[in-house]
Amino acid sequence: MTRSGIFCISLIVMGALGMACQAAETPFATRLPPPAAAEAPATIHHATAVFAGGCFWGVQSVFQHVRGVTATRAGYDGGTKDTAEYETVEGGDTGHAESVVVEYDPTQVSYGTLMRIFFSVALDPTQVNRQFPDVGSQYRSVLFTRTPEQETEARAYIRQLNAAHVFARPIATQVVPDHGFYPAEDYHQNFAARYPENSYIATYDAPRIEALKMVYGAYYRDRPILTLAAPGGP
């Protein structure tokens, strides 16, 4: 497909989505210290975690480029099944946050490393109910934990980063037990990979991938792991 063709399709899709993911600045990426509490050696090859932090296109794109991640899916978490629908969630009063469920191999990448990447590359964790111009509770930053171990590690790591004053302001990311993740519509999946020349993706999400490569090169993979169910994938 030509550059102009991709751009036209991108405009159509953006119009259909109501410009949900508005222009946002790229967060300043810096290498964060690992969790101070040593993580137990992994004995399993499959685990899942849920991350919410602004527009789910960019968050999904970041984790798709992380070695050890085996699958991702954009969706909604924090609300009920009957309201887990894009137009309803965008009203901001369903309790949902735009989220990404990440499947990974703990023998290759730990939950602690995924949190490091999330906090330093995927978003600005000090913002409350927004990521830059994207404003509303649906854009809040949350670690939806799926095990008691994840909850303990997440709370300890946030305390550690706050105590070290790694960021200019306290981390606003919530730690909440996951009571239900609901996949987003197929047209949201792999959005950054399918529309790389979209102005939002090219300006704000592509630099996050470059930051991932620069700051966490040992965990970077060039070819993203795509959600197979999404239509029109490359």
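**Ground rules.** I am working on a predicted model, where local features need pLDDT of at least 70, side-chain atom pairs count only at pLDDT 80 or more, and totals for chains, interfaces and linings use all residues. Residues are numbered from 1 along each chain as its sequence is written, and side-chain values use heavy atoms, with hydrogens and water left out.

**Salt bridges.** I searched the whole structure and got four salt bridges (a side-chain nitrogen of Lys or Arg within 4 Å of a carboxyl oxygen of Asp or Glu).

Arg 169 meets Asp 124 at 3.6 Å, N to O. Arg 169 sits in the loop between α5 (148–163) and β7 (174–177) and Asp 124 in the loop between α4 (111–122) and β4 (130–131), so this pair ties together parts 45 residues apart in sequence. Helices (H or I, at least four residues) and strands (E, at least two) are DSSP runs numbered from the N terminus. Arg 169 is partly exposed at 45%, while Asp 124 is buried at 16%.

Next I checked Arg 146 and Asp 178, whose closest N and O atoms are 2.7 Å apart. Arg 146 is in the loop between β6 (141–145) and α5, and Asp 178 in the loop between β7 and β8 (181–183), so parts 32 residues apart in sequence get tied together. Arg 146 comes out partly exposed at 35%, and Asp 178 buried at 17%.

Arg 208 and Asp 205 have their closest N and O atoms 3.7 Å apart. Both lie in α7 (199–215), three residues apart, about one turn of the helix. I find Arg 208 buried at 6% and Asp 205 buried at 2%.

**Sheet.** I traced an open, mixed sheet of six strands in the order β7-β6-β1-β3-β2-β8. Its edge strands are β7 and β8, each pairing on one side only; pairing takes at least two DSSP bridges between two strands. β1 (47–53) runs antiparallel to β6 over four bridges, and there Phe 51 stands opposite Leu 143.

**Helix α2.** α2 packs on the sheet, touching β1, β2 (69–77) and β3 (97–104), and its direction makes about 165° with that of β2. Contact here means heavy atoms within 4.5 Å; axes are lines fitted to C-alpha atoms, for helices over the stretch in contact, with angles from 0 to 180 degrees between N-to-C directions. I counted nine of nine residues buried in α2 (56–64), including Trp 57 and Phe 63.

Definitions and conventions: Buried < 20%, exposed > 50% of the residue type's maximum accessible area, 1.4 Å probe, protein only.
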